[in-house]
Amino acid sequence: MTIGEWQASNADLPRIERELLLTDVLSVTKAYLLTHPDHEVNDSHVEKLNRVAHQLREGQPWAYLAGNQEFRGIDLKVTPDVLIPRPETELLVELAIEYAPTSARVLELGTGSGAIAIALSSERPDLVITATDISPAALEIARENTRVHGLDIEYIESDWLTSIPTPTDGWDVIISNPPYVAEGDSHLAALQFEPQHALVSGPAGLSDLQAIVTEAVCHLRACGRLFLEHGWDQAGSVQAMMKQNGMTEIKTHQDLAGLDRVTSGAAQRVTE
Ligand SMILES: C[S@@+](CC[C@H](N)C(=O)[O-])C[C@H]1O[C@@H](n2cnc3c(N)ncnc32)[C@H](O)[C@@H]1O
């Protein structure tokens, strides 16, 4: 079978996926694919191409099949143990980079592949970063990604803040992209190959956001900031949680699509 014949018999797949698959399996460039449609593909390669094409048709994300995903220009290993980092999470990173004072102590909760902590560490080497997850398998991936990129991040297994030693004066910044999808949400069908504990958070999708706000205020330094990613329709709820916990300077930030995506707040100033 030739490259052209394989493409024709898999024309139901998006062209970009066919080309990624062919360049990956045959170790050729995209230009080669376009200029050599008559290249004969050997049987073992045809078998591999067909197997992965079948997995893509089942809805398995390309990132898991390829084993990697780029986030802010950084190549990260991903497996089904971790959420595939999303471009919309870049807003959270940008806000923390903009706010964090020099040499700030930053705590990331629910790090998954390590995407947020690794992007922060590579773009702001002055920051002292600790990142956590409840999943030991995710922490293993995050540690590997950190090692590959030659960065220095401390990782701790913890259920939100329960096992995290807090610096004497508290954290300067706490940042998180926690699970925030409601149980039974219709979008979950399209996310079935990603870890459900990384996505789903109680009947309204707010349980983990609530737990983090309540715990984080006790661990931030006076005026330290909490940055939380959330669903486009959850800003009002997150703002209310922050208010109830005495936070000030509460603000919601929009992503490039104009959707409410991140809410931040400051821990109360300690009065004499
Ligand atoms: C939405 S994913 C975010 C992953 C990564 N930070 C990113 O933005 O791509 C949420 C992460 O929170 C972790 N998580 C869920 N419940 C947790 C808990 N109770 N304590 C700590 N981490 C938790 C999940 O394992 C998952 O890695």
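## Legends to close-up views of the predicted model

**View 1. R72 lies in the loop that links β1 (68–71) to β2 (74–77).** Helices (H or I, at least four residues) and strands (E, at least two) are DSSP runs, numbered from the N terminus. This is a predicted model, in which local features need pLDDT of at least 70 and side-chain atom pairs count only at pLDDT 80 or more, while totals for chains, interfaces and linings use all residues. Residues are numbered from 1 along each chain as its sequence is written. R72 has a phi near 50 degrees, a positive value in a residue other than glycine. R72 is classed as partly exposed because 18 other C-beta atoms lie within 10 Å. A residue is buried with 20 or more other C-beta atoms within 10 Å of its own, exposed with 12 or fewer, and partly exposed in between, C-beta atoms being placed from the backbone.

**View 2. S103 occupies the loop between α6 (90–99) and β3 (105–109).** Its phi is near 60 degrees, which is a positive value in a residue other than glycine. S103 counts as exposed because 10 other C-beta atoms are within 10 Å.

**View 3. The whole chain is divided into domain 1 (3–58) and domain 2 (68–266).** These bounds come from an automatic or database domain assignment. Taken over C-alpha atoms, the centres of domain 1 and domain 2 are separated by 37 Å. The C-alpha trace of the chain spans about 80 × 40 × 30 Å along its principal axes. The secondary structure comprises ten helices and nine strands. Of the 272 residues in the chain, 36% are buried. Among contacts with a separation of 6 or more, 63% join residues 24 or more positions apart; two residues are in contact if their C-beta atoms, placed from the backbone, lie within 7 Å.

**View 4. Seven strands form an open sheet with mixed pairing, in the order β5-β4-β3-β6-β7-β9-β8.** The edge strands are β5 (154–157) and β8, each of which pairs on one side only. From one strand to the next, the twist averages 15 degrees. Two strands are taken to pair if DSSP finds at least two bridges between them. Strands of a sheet pair through backbone hydrogen bonds, either parallel or antiparallel.

View 5. A131 stands opposite Y155 in β5. Helix α8 (residues 136–148) packs on the sheet and touches β4 and β5, its direction making about 175 degrees with that of β5. Axes are lines fitted to C-alpha atoms, for helices over the stretch in contact, and angles run from 0 to 180 degrees between N-to-C directions.

View 6. T248 stands opposite A266 in β9, and H253 stands opposite V262 in β9. Strand β7 (residues 220–229) also pairs with β9 in the antiparallel sense, over five bridges, and F227 faces S264 in β9 as its opposite residue. Five of the seven residues of β9 are buried, so β9 is largely enclosed by the rest of the structure.

**View 7. The shell around the ligand holds 23 residues, of which G110, G112, I134, N177 and A198 come nearest.** The elements that give two or more residues to this shell are α7 (115–123) and β4 (128–133). A residue is near a molecule or strand if its C-beta atom, placed from the backbone, lies within 6 Å of it. By class, the shell contains eleven nonpolar, nine polar and three charged residues; Ala, Val, Leu, Ile, Met, Phe, Trp, Tyr, Cys and Pro count as nonpolar, Asp, Glu, Lys and Arg as charged, and the others, Gly among them, as polar.

**View 8. Helix α7 is largely enclosed by the rest of the structure, because seven of its nine residues are buried.** The buried residues of α7 are A115, I116, A117, I118, A119, L120 and S121. In the loop between α7 and β4 lies P125, which is exposed because 10 other C-beta atoms are within 10 Å. P125 and L151 stand 26 residues apart in sequence and 8.6 Å apart in space, C-alpha to C-alpha.
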